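Q: I would like to learn how to read aromatic pairs, helix packing and sheet order from a set of coordinates. Could we work through one case together?

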Amino acid sequence: MTAPRYPLGQQVHLELVQRGPDAANQLALSLGQPDLFERVQAVQDETPSPGFLHSALCAMSLPVRRPKDEFAPIMRQDGQYTLVINPKPRLDLVNGQQQFQSLGIPFGSLPRLILIHIMTEAVKANSRHIHLGRNFSDWMRRMGFKTVSYGPRGSATLIRDQMDRLLSCEWMIRWDNVDKSGEHEFGIREIKLTNEYRGQDGPKSGFQREILMTDGFFHHLKDHAVPLNEVAIRQLRDSATALDLYTWLAYRLPRIGNKRPASLSWDQLAVHFGNDGRNIRKFRQTIRDAWERHVSAVYPEAKAEFDTSIIRLYGSPAPLQQKLVPGANLRLVTADDKGTVDATAEAAAAPNLAAAFFEKLKENLGEAEFNAWFKRANLELRDSEWFLLVERRFHCDYIRGQFQLQLDRAARAIGLEQIRVDVTRKASSVTGP
């Protein structure tokens, strides 16, 4: 299988790892994308922070822009599943008078950020009682906003409006299937994000400090939460399309097998994203641009191809999987004459073996390339097996493709038969001298 071409964001990631920040920044500038390096560096340098979103909202998105009829329900489909979001009227205090009014459908990047924040807090705390912050400014800073502005078009006003829209909506998820006998079966779940929220009224009012998530939605969320990286979310926060593509890939890619990619047409993707298909060329260009310049910069492990005629998705790790992961592994067995393993001798040999392995690897690669890819790698002994640990799955895949020969040579030089990079299966054990 031919590996997909690296998009622009992943090209800059490679340059950063291989040649350092100056070279990566220069590449981004040469590509005409001066802000691309900032996104790449943020995800590379900052500690990953877990975020979560319900799988239904990863697969089927809110409107990107204000709908022509913002008071009409919206419907999204993803295979057997259908999501309907219905704006419901609510009771508000307007000019000192109670009024029953509909606020409309949430749209744009802000409700996406709010949903991720609320669901992340619920999953982390394992509680449907969600405390947003001490005040509005505190809450906005926690969502990644450095400044808070008021007025008709201020950030605080816009977020409050989208928050109120979200909390007023009812959600319906329908599942349809045809069983083996040909009979149609279905299931419908009607849920609401919250049935109680409290705040304060004042000169800069409208801040809901506490939300009580409905019991049904909370338990459904715990079963269907998709892990995200909040560092990546902050880098994409101004683009609803980039957020949709990131969360959709985070949901889809880890569920694809390694044998062959999943394929779908642009018309099929348009249905997922709520596009009516009337201008598929513009939709295609918008998605490809979001992938090249935004999503690939913050999700370097993602493997996908967005060709002009078809979309191919390859099995990839979840975006949050960025801690040390097993990259290559080998096994050293120290046995006595009876063939039993001497665990004490094995542990004593660990520091010397690791040092010898990395010394040989540096000799094979040269100091510059060794420092680029293996300077922060570790060789660890775990239950009589040696694991080469690298920082990111993206690095692991690249090492597996580019340095297998050098890994094998370094392993043989210290008395081991072979070393190979494999993130899903353990390498066969090899016997030392």
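A: Rings of Phe, Tyr and Trp (its six-membered ring) pair if their centres lie within 6.5 Å, and planes under 30 degrees apart count as stacked, over 60 as edge-to-face and the rest as tilted. This is a predicted model, in which local features need pLDDT of at least 70 and side-chain atom pairs count only at pLDDT 80 or more, while totals for chains, interfaces and linings use all residues. Residues are numbered from 1 along each chain as its sequence is written, and side-chain values use heavy atoms, with hydrogens and water left out.

Q: How many aromatic pairs does a search of the whole structure find?

A: The search finds 7.

Q: Is Trp266 buried or exposed?

A: Buried means under 20% relative accessible area, exposed over 50%, and partly exposed in between (1.4 Å probe, protein chains only). Trp266 counts as buried because its relative accessibility is 4%, and Phe283 is buried with a relative accessible area of 8%. The rings of Trp291 and Phe306 have centres 5.4 Å apart and planes at 50°, so that pair is tilted; Trp291 lies in helix H12 and Phe306 in strand E13 (residues 303-306). Ring pairs join Trp248, Trp266, Phe273, Phe283, Trp291 and Phe306 into a cluster.

Q: How should I read the packing of two helices?

A: Two packed helices are described by the angle between their axes and the distance between the axes. Axes are lines fitted to C-alpha atoms, for helices over the stretch in contact (heavy atoms within 4.5 Å), and angles run from 0 to 180 degrees between N-to-C directions. Here the axes of helix H5 (residues 109-125) and helix H8 (residues 215-224) come within 10 Å and cross at roughly 80°. The contact is made by Met119, Ala122 and Val123 of H5 with Phe217, Phe218 and Leu221 of H8.

Q: In what order do the strands of the open sheet stand?

A: Two strands pair if DSSP finds at least two bridges between them. The order of the 4 strands is E2-E3-E7-E8, with antiparallel pairing. Strand E2 (74-78) and strand E8 (184-192) stand at the edges, each with a single partner strand, so one side of each has no neighbour in the sheet.

Methods
Helices (H or I, at least four residues) and strands (E, at least two) are DSSP runs, numbered from the N terminus.
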